[in-house]
Amino acid sequence: MPRPEIQAPPEIFYNEAEARKYTTSSRIIEIQAKISERALELLALPNDGVPRLLLDIGCGSGLSGETLSENGHHWIGYDISQSMLDVALEREAEGDLLLADMGQGLGLRPGVIDGAISISAVQWLCYADKSSHEPRMRLKAFFGSLYRCLARGARAVLQLYAENINQSEMIMSYAMRAGFAGGVVVDWPHSSKARKAYLVLTCGPPSMQTSLPKGRGEDGEMCSDDDESGDDESQTVGIYDRNRPRKKLKVNKKGKGREWVLKKKEQMRRKGHDIPPDTKYTARKRKARF
Amino acid sequence: MRLLTHNMLSCNIKGVSNGFPLRLEAEKWVEKEVELNADFLRGIFPKIEWKALAGAARALGYNELPDEADASMLDADDFLRRFHHALLELHVEEGALVCPETGRRFPINKGIPNMLLHEDEV
């Protein structure tokens with residue numbers, strides 16, 4: 001399926017039909033719930049049972065907010081699609097909803113929010129859907145206002161699907177420019193489907209607490225997801241290798257030299273091969289006329 | 001929209017330096033009962049602009065909040081209950097938020113404030 005970002009602007013793409021999927025499709029609901037749980041975990045709120053005031057940026061139908069509510073937190077949800085917010089009302093989302101564009105800044109008082117999550121939303125900022133849109137300015141406005149509204153030491157966990165490496169670098173660089181410390185945590189990096197990238201940002205100067213948590217499945221741990229069935233052998237990998245341009249062989253006019261040949265012969269000898277002795281003729285230069 | 005959110009929101013229009021508090025023009029509001037959590041209230045209290053909260057509660061016809069408040073009052077159960085009621089149990093359903101500097105109206109429909117800006121306000 002083509003990326004939704006290149007089909008239409010978010011307020012158009014998430015129309016009633018699309019929004020409906022977020023109440024009827026158990027698959028979407030399950031995935032969203034899983035991601036939000038992981039995001040909340042990465043948020044690393046102190047484990048004292050005190051509810052916090054959190055942001056859900058791109059809250060959509062309130063699926064991610066539901067996870068926050070289940071954990072007792074209060075939240076404010078931002079979304080640009082009226083249809084999605086209507087679904088959120090239908091689902092009786094417990095947080096407060098705002099119809100707003102994150103690229104215009106969040107419009108909150110400084111230092112009041114204890115944490116922010118965002119599920120699959122921030123990459124939308126990279127697309128200019130109107131003539132007045134300038135992705136860089138929108139990223140700057142978003143991260144600047146996010147940094148201001150967060151309390152010192154608070155975290156923001158933004159799960160996003162970047163289209164390519166340039167895009168994720170651009171998003172990251174604007175987050176850093178706004179003053180955030182942090183980086184990307186990738187869960188299931190070796191899987192194409194289950195792979196999820198989380199931008200984990202900490203407000204305030206770098207410290208011990210800003211060290212990044214580890215992504216899941218990094219050390220070969222298998223994903224429990226059913227999508228992951230099938231061994232590596234059964235997959236058709238390597239078909240594109242044929243078309244890959246060959247690495248240019250290093251051509252050195254001088255050749256490898258006597259030392260290299262001696263070393264190789266020694267290696268072969270140690271392996272037990274029958275190698276002629278080193279003499280003055282070994283790796284000698286040929287005459288120019290040859 | 002609860003008054004908790006109203007207390008955090010400020011006007012986002014370019015060039016506005018004093019966009020807080022947004023004046024609340026409420027036409028319809030409802031009360032929904034929520035469990036009181038004293039820890040949350042104590043945690044959020046320092047972040048609340050008390051005057052804005054008291055003013056907004058008054059706009060919804062709730063006059064039980066004192067004009068001034070400080071952290072020592074949080075020990076009184078009675079005060080906590082009023083604070084809790086104003087902050088989390090009053091939901092504005094229809095009305096508008098008005099920027100104190102420019103007078104720009106942000107309409108509230110079905111409890112959702114429309115904070116979208118026009119192109120020339122960004």
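Which residue follows H3(B), and is its phi positive or negative? The residue is Gly61(B), and its phi is positive, near 75 degrees. This is a predicted model, so every value here is computed from predicted atoms.

Start with the helix itself. H3 of chain B spans residues 50-59. Its buried residues are Trp50(B), Ala52(B), Leu53(B), Ala54(B), Ala56(B) and Ala57(B). What lies over them? The cover includes helix H1 (3-8), strand S1 (23-31) and helix H4 (77-89), which belong to chain B. After the helix comes Gly61(B), with the positive phi given above.

Now turn to the other chain. On chain B, 28 residues are in contact with 31 residues of chain A. Together the two chains bury about 2500 Å². Carbon and sulfur atoms give 59% of that area. Three residues stand out on the chain B side: Met8(B), Lys47(B) and Ile112(B). They supply 25% of the area that chain B buries against chain A, more than any other three residues.

Polar links also cross this interface. The rule finds 16 residue pairs in polar contact there, with both residues at pLDDT 80 or more. Which elements of chain B supply at least two residues each to the side that touches chain A? They are H1, helix H2 (38-44) and strand S4 (112-113). H1(B) gives the most, with four residues. By class, this side of chain B has 15 nonpolar residues, seven polar ones and six charged ones.

Salt bridges cross the interface too, and the rule finds four of them. In one, Arg109(A) pairs with Glu49(B), and the closest N and O atoms are 3.9 Å apart. In another, the side chains of Lys47(B) and Asp114(A) meet, at 2.4 Å from N to O. Lys47(B) sits in the loop between H2 and H3 of chain B, while Asp114(A) sits in strand S4 (residues 113-119) of chain A. Are these two residues buried or exposed? Both Lys47(B) and Asp114(A) are buried. Lys47(B) was also named above, among the three residues that supply 25% of the area chain B buries against chain A.

Step back to the whole model. Over all chains, the count comes to 22 salt bridges. One of them joins Glu66(A) and Arg91(A), at 3.0 Å from N to O. Glu66(A) lies in helix H4 (residues 63-70) of chain A, and Arg91(A) lies in the loop between helix H5 (82-90) and strand S3 (96-99) of chain A, so the pair ties together parts that are 25 residues apart in sequence. Glu66(A) is partly exposed, at 33% relative accessibility. Arg91(A) is partly exposed as well, with a relative accessible area of 24%.

A last pair lies within one helix. The side chains of Arg269(A) and Glu266(A) meet in a salt bridge at 3.3 Å, N to O. Why are they about one helical turn apart? The reason is their spacing: they are three residues apart in helix H8 (residues 258-270) of chain A. An α-helix has 3.6 residues a turn, so residues three or four places apart point the same way. Arg269(A) is partly exposed, at 28% relative accessibility. Glu266(A) counts as partly exposed too, at 35%. This pair also belongs to a network of salt bridges that links Lys265(A), Glu266(A), Arg269(A) and Asp278(A).

Conventions
Residues numbered from 1 in each chain as written. Chains lettered and ligands numbered in written order. Predicted model: local features only at pLDDT ≥ 70, side-chain atom pairs only at ≥ 80, totals over all residues. Heavy atoms only, no water. Buried < 20%, exposed > 50% of the residue type's maximum accessible area, 1.4 Å probe, protein only. Contact = heavy atoms within 4.5 Å. Buried area = accessible area lost by both parts, 1.4 Å probe. Salt bridge = Lys/Arg side-chain N within 4 Å of Asp/Glu carboxyl O. Polar contact = N/O pair within 3.5 Å; in protein donor to acceptor, adjacent residues only side chain to side chain. Nonpolar A, V, L, I, M, F, W, Y, C, P; charged D, E, K, R; others polar.
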